[in-house]
Amino acid sequence: MNSDNLLPKNDFSRRIIHLDMDAFYASVELRDHPELKNKAVVIAHDPRKHNGHGVITTANYIARKYGVGSAMPAIKAVQRIPDNLLVFISPDFKKYRHVSAKIHQIMHEVTDQIEPISLDEAYLDVSQNKLGDYSSIELGNYMQQKIYQELGLTCSFGVTYNKFLAKMASEYAKPFGKAVILPQEAKNFLAQQDIKKFPGVGKKMQKTLREIGINTGADLQAKSVKFLMDNFKKMGYMMAMHSRGIDLSPVQAKRQRKSIGKERTFEPGIFDEQTALTWLRKFSHEITLNLDSNNLQTNCVVLKIRDTNFNTITRRSLLTKKTKDENIIFSEAREILKSLTEILNRGVRLLGISVTNLEAETYQETNLFSTL
């Protein structure tokens, strides 16, 4: 019996895009600080100012030429990069989350079948899409160009029939590139890849594989499924599937949330309106970022307030239309607070805002290349 029969039948019916921002955090900082474009920019706390401590979040492509990359101790950047080139920037995750929300807005113009992996990458199933009868490469081009034009950032994307291959394609295309792997090309493409390029094959597994003469996808393909399973169990089965271009895992879109909220407990309680309003403004801002990143709108604002005697009151305000405007959410919460001044007089122990009746934001029909 051919042990390849142990593998499931491949599925070539889907159209999958893996979109990945290029050196995302570093690129955001370079966009905001263009004077650093010829510097080796490392996103980490400067270890020279933190007793040698710090871990690199990411680095731009100039820094990477010196063998510096994410998850490395920041002190290695000091050791490897000339001092006149090296620039450390402490990470600003609030800014990166805000930019990520804008990127996801652009993705949602194409499809809602999106599986975010992190702030800077996601899988998209574009077998059905919102823009019409366009090829997967045209849809990828649309997102890539719009991200560049609207946000001043570059990304790379891979297009193929499954998630695993799409990620390998986008990695192959970096930076600011695109790669398409057709079903009939998959096994040949994989055969040429070093095993370190296969997602999920870590450094320890790479060492073990190389010790038995497996260095490339072609070497994996040459081994029977039974051999790989006998020697590497579940991991062997995965490597057998991936080396033959098989991955049936679906793009898992996030479930739509029923509400989004922020609240805080105060000890001691707060008594003045201005302090309460300052917190409501902060909550409104954070909720808006969350709505943005999830491509949602609301028409119901809920204020929750608890006094120092532990009496809890919730009040809601229905809006005339859907919104994700921070100022509107704050204004509604402020009006509710003004009607509850007696609680402020007693002291507020807990204060919070939530929004409900959430719906996906709809987009007007888009001419695919009207902004390109």
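Colleague: In β7, which residue is the bridge partner of Ile-17?

Modeller: Strands and helices here are DSSP runs numbered from the N terminus, a strand (E) having at least two residues and a helix (H or I) at least four. β1 (residues 16–21) and β7 (residues 155–160) run antiparallel and are joined by six bridges; two strands pair if DSSP finds at least two bridges between them. Within β7, Ile-17 has as its bridge partner Val-159.

Colleague: What kind of model is this?

Modeller: Residues are numbered from 1 along each chain as its sequence is written, and side-chain values use heavy atoms, with hydrogens and water left out. Local features need pLDDT of at least 70, side-chain atom pairs count only at pLDDT 80 or more, and totals for chains, interfaces and linings use all residues, as this is a model that is predicted.

Colleague: Which residue of β6 is the bridge partner of Leu-19?

Modeller: β1 is also joined to β6 (residues 121–125), by five bridges, and these two strands run antiparallel. In β6, the partner of Leu-19 is Ala-122.

Colleague: How many of the residues of β1 are buried?

Modeller: Buried means under 20% relative accessible area, exposed over 50% and partly exposed in between, with a 1.4 Å probe and protein chains only. In a regular strand the side chains alternate between the two faces of the sheet. In β1, Ile-16, His-18 and Asp-20 are buried on one side, and Ile-17, Leu-19 and Met-21 are buried on the other. The number of buried residues in β1 is thus six of six.

Colleague: Why do the buried residues of α8 line one face of the helix?

Modeller: Helix α8 (residues 203–211) has Met-205, Gln-206 and Leu-209 as its buried residues. They line one face because, seen down the axis of α8, they fall within an arc of 105 degrees. That arc is taken over the directions from the helix axis to the C-beta atoms.

Colleague: Against which helix do the buried residues of α8 pack?

Modeller: On the other side of α8, Lys-203, Lys-204, Lys-207 and Glu-211 are exposed. Judged by contacts (heavy atoms within 4.5 Å), the buried residues of α8 pack against α10 (225–243).

Colleague: What percentage of the residues of the protein count as buried?

Modeller: The protein has 13 helices and 13 strands. Its C-alpha atoms fill a box of roughly 80 × 50 × 45 Å along the principal axes. Of its 372 residues, the share that count as buried is 48%.
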